[in-house]
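Please examine the structure shown below. The paragraphs that follow lead from its domains to a sheet, the cores and the chain interface.

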Amino acid sequence: MTIWERVSPKSSLGRRVKSRVEPKLPGQEEELRAELREVSSLSEAWKTYPDVFSKLDNVLVTLKDPFHAIILLKEERALTAPEIFVLAHLAFSVGRVRSVMAESKVKWPPRTVPPSLDPVEQRLLPGFAGQPVFYIADSYSPELSRVRTERKAKEKLWRDEMTKEAGEVERLLGRRPGIREEIAIRKTNIQAVEQARLMPELGEVRETLTHVHFRLKATREALRLEREISRLRQKETHLEGEVLAFLSADLRAWKDQLEKAAWALGELDYLLRKAELAVRWDAREPVINNETGPLVLEGAFHPGVREEVEGRGGKYQPLSLTIDSPVSVVTGPNMGGKTASLATVGLCVSLAQWGFLPPCSGLEFSLYDYVYFQPETPGKPGLSSFASEVVALKELLTRIEDRGLILLDEVGRGTNPSQGLALYAAVLDYLRKRAGDRSTVLASTHYHGLASHLDVPHWQVAGLSPGDGDLEESDAANGGKDIDWLYRHMDYRLVKVGPDTPVPQDALMVAKVLGLHGEIIRRAEEFVAGAGRCEFRRDEPC
Amino acid sequence: MKYPDLSDLVLGSGAGSVAIVGTAKNVGKTVTMNYLSAALAGRGLVVGLVSSGRDGEVTDAFTGEPKPSIVPPEGAWIATAEGVLGESAGFLEIADVSEKAGVLGRLVIGRMRESEPVELVGPQSAKELARVVERLHDFGAQVVLVDGALDRVAAASPGVTDAVVLSTGASAHSDLALVAKSTAFVVELWSLKTPGDPDVLALARRAIESGRVSFLDEIPLAGSSRHDGSSLAPDNTPRYRVRQTAFDTVLGCEEKVLSQAGEAAYVVVPGAVSEKFLAEAEGMEFRDSFAVVAKDPTALFVRSEPPLPVYVAHEIRLLAITVNPVSAGGYSCEPREMVDAVSLEVYRSTGKRIPVLDVVSGESNFGEVYGVAVG
């Protein structure tokens, strides 16, 4: 599940708000600061008054979507009873939210405070207590009340009449008509069948192989009552329609307030989800610079990766770095977390621009027009992974004039090593020259010399220290250490290094840790040291 | 001796939700629903009513004949689609309207202000249905009755209801013996048991929750050659392991799934189990012991007795069978004859004495099986 999918509003109103939000871009710094301040303020309040937020969530989770009903009001159409219930429920929820807000010591952003709908609540839920229910109460229309009372009285008379008749059947035949007022007499009981046929109270309805079925016939009085009841029912339906029509007309005067309240609750829901994440991540408000400046990240983490690491009992190492150059290079061993580091940088910046407190203890940056992340991409149909990479790079270059945070992960890894390296160096050089005054590029690679060749800052994953790779012979014989060992011993921090820093033998160490045959590892070490006739030292760019 | 009434059986079972499932159209399911809801309400209980899919129409969808309506008692909670309620729904106190809308609109939950005929239209899926049953309980329904059918069998799933009443009748077959046989077959199917080995049951339930067709492989033990083995393993040693496949269904890929069986002792199927799957499983030349574990008896779509051992992860609790001796086509038989014939055949096939009742005539058979030497 992506982080965006984890932002899960409790209500459809919150989901509507979520679907409409957009990131803040350069020029909107002040708006974003205000937005993030709101989240920060609410997340602090959440820690102090968790009960308040829990009460609000209990209301939000029950919200119904009132927009269809509001559209009907705008179109001046009458609402059905379920639609009116939805509006009654909205008014009730608004009352509860306003009351929780008023009783709390939290400062609520005005756009999240719904306007009072007390008159709507009183109109639609007269004299009710507890959970809201809506029905066309007698109190809405004295005429409806009178018709209902009359209809019920007539129904009672009808039942009395039919009961009297059923009693007569029972007296004569010894049996009372059952469900559906039917009585079935076995054909072999000829006398009873003939008697039933002669009874004015019964009408023959069908004959089967074994039985003759009779149904209780309505008496003249019962028929008269049935006609009366039918007439009254029609009138009742008409009057109920009238009630719905005048309630709809009353509600029409409130349509703007109803809509405003619905959006306010949606905004509240969405804002609470952002505050909830900030609490969970112990996140801080970032510093946003108006002018282009360094990107500083302190104690940053990727929530998904951290959960995965902690889920297997590992200890997550947060990321801290200061990017103060248009292009910076990251190197490190396989399994060293280069991709995760790039993703963390992109995630923190993206989340901040989308109005979330990022998962870090500190972030200082200037807003970007876009964040571009090119991890290792599987080949698109008909394209190799390298060709897909090239196509993606072309897309990136169409935005060269905008200010971007560009995160490139081992570009050129899928092709000839020397040409891949050359291409990567050329891409970075191009980006530095054409976009260096506005964009920030962070590029991961296995080519150790790329940073010094371009004369750009070089960040290196601290990785495995040489002692870590000291394995017992028995370990190697048994297939090496397991992945967990690697997780435990890998130092994922990024450390800034200079051009003279020796190239760590990370790849060989990882292979050794994972138990590749010792003979192969030793031979590879000889090649690296230049003892063999192999020209594998391609860690300098051509 | 006075035998208990259907409502006594429901109350005595302690079930909070009961599915009424018909074996065919016009077998008196609606009459049973009405009878039971009125009887429970008459004893002071608040009932809830919901349908799996659509039923309770004014006319039968197949025959066009007038059908009895569901008539919930006053004070009952019902769940139905807004599209069949009418605009005013004046008889209903509306207490909830769902977010999701089906073909007939959103699902409305409300309390009957007076007893009126209604059409019940509810969700088809077991998951949604279970949620509605829970909502009806939340609103105060003490016993929720779920209208179902063999082609809308989600109602009977143990994940939805606690117990089931099966309705059968003359409309199922024109021959009383066939009515009894077909009913007994359903009872037999719904009597499928969970695996006797609690470890197998626990693993099977976990495999079903994963949503993937899985195999349970026996973990080889020294000195034990059979999976059922009163093995030499210490009690706490796991004897089976779950091997998950990439399949979430066996439908349409029966052979592919079974080709991965290897030496498995059980195949656990999270969804529907077809006759074809069982035939393929039986037809493959496995070792002498191979069994299927289905989610529950409603997941089995078969017309004859399974050809190999079949277990379920969750059993169905069948409370009673109701019969309607009158068919829509005009055929009818004596209520007494029908309750006895069904009771006898169910006993013959399953060895179970399930109460059989005709709620219209009041005839019932609680196991005093005629013509059978019992014991």
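In chain A, 18 residues of domain 1 are in contact with 14 residues of domain 3, contact meaning that the C-beta atoms of two residues, placed from the backbone, lie within 7 Å. On the domain 1 side of this boundary in chain A, α3 (29-48) and α11 each supply at least two residues, and the largest share, nine residues, comes from α3(A). Helices here are DSSP runs of H or I with at least four residues, strands are runs of E with at least two, and both are numbered from the N terminus. The side of domain 1 of chain A that touches domain 3 of chain A divides into 10 nonpolar, two polar and six charged residues. In this division Ala, Val, Leu, Ile, Met, Phe, Trp, Tyr, Cys and Pro count as nonpolar, Asp, Glu, Lys and Arg as charged, and the others, Gly among them, as polar.

The model is a predicted one, in which local features need pLDDT of at least 70, side-chain atom pairs count only at pLDDT 80 or more, and totals for chains, interfaces and linings use all residues. Residues are numbered from 1 along each chain as its sequence is written, while chains are lettered from A and ligands numbered from 1 in the order in which they are written.

The domain assignment of chain A gives domain 1 (3-117 + 254-279), domain 2 (142-227) and domain 3 (285-528); such bounds come from an automatic or database domain assignment. The C-alpha centres of domain 1 and domain 3 of chain A lie 39 Å apart.

Chain A also holds an open sheet of three strands in the order β1-β3-β2, with antiparallel pairing; two strands pair if DSSP finds at least two bridges between them. Because β1 (182-186) and β2 (202-207) of chain A each have a single partner strand, they stand at the edges, and one side of each is left without a neighbour in the sheet. From one strand to the next, the twist averages 30°. Five bridges join β1(A) to β3(A), residues 211-216, and Ile185(A) has Val212(A) as its bridge partner in β3(A). Helix α8 (residues 142-173) of chain A packs on the sheet and touches β1, β2 and β3 of chain A, its direction making about 145° with that of β3(A). Helix α9 (residues 190-198) of chain A lies across β1, β2 and β3 of chain A and runs at about 145° to β1(A). Axes are lines fitted to C-alpha atoms, for helices over the stretch in contact, and angles run from 0 to 180 degrees between N-to-C directions.

Which residues touch the most other members of the largest nonpolar core? They are Leu87(A) and Tyr266(B), in a core of 226 residues. The largest share of this core, 12 residues, comes from helix α11 (residues 255-281) of chain A. A nonpolar core is a set of buried Ala, Val, Leu, Ile, Met, Phe, Trp, Tyr and Cys residues joined through C-beta atoms within 7 Å. A residue is buried if 20 or more other C-beta atoms lie within 10 Å of its own, exposed if 12 or fewer, and partly exposed in between, with C-beta atoms placed from the backbone.

Finally, 23 residues of chain B are in contact with 26 residues of chain A. β5(B) gives the most to the side of chain B that touches chain A, with six residues.
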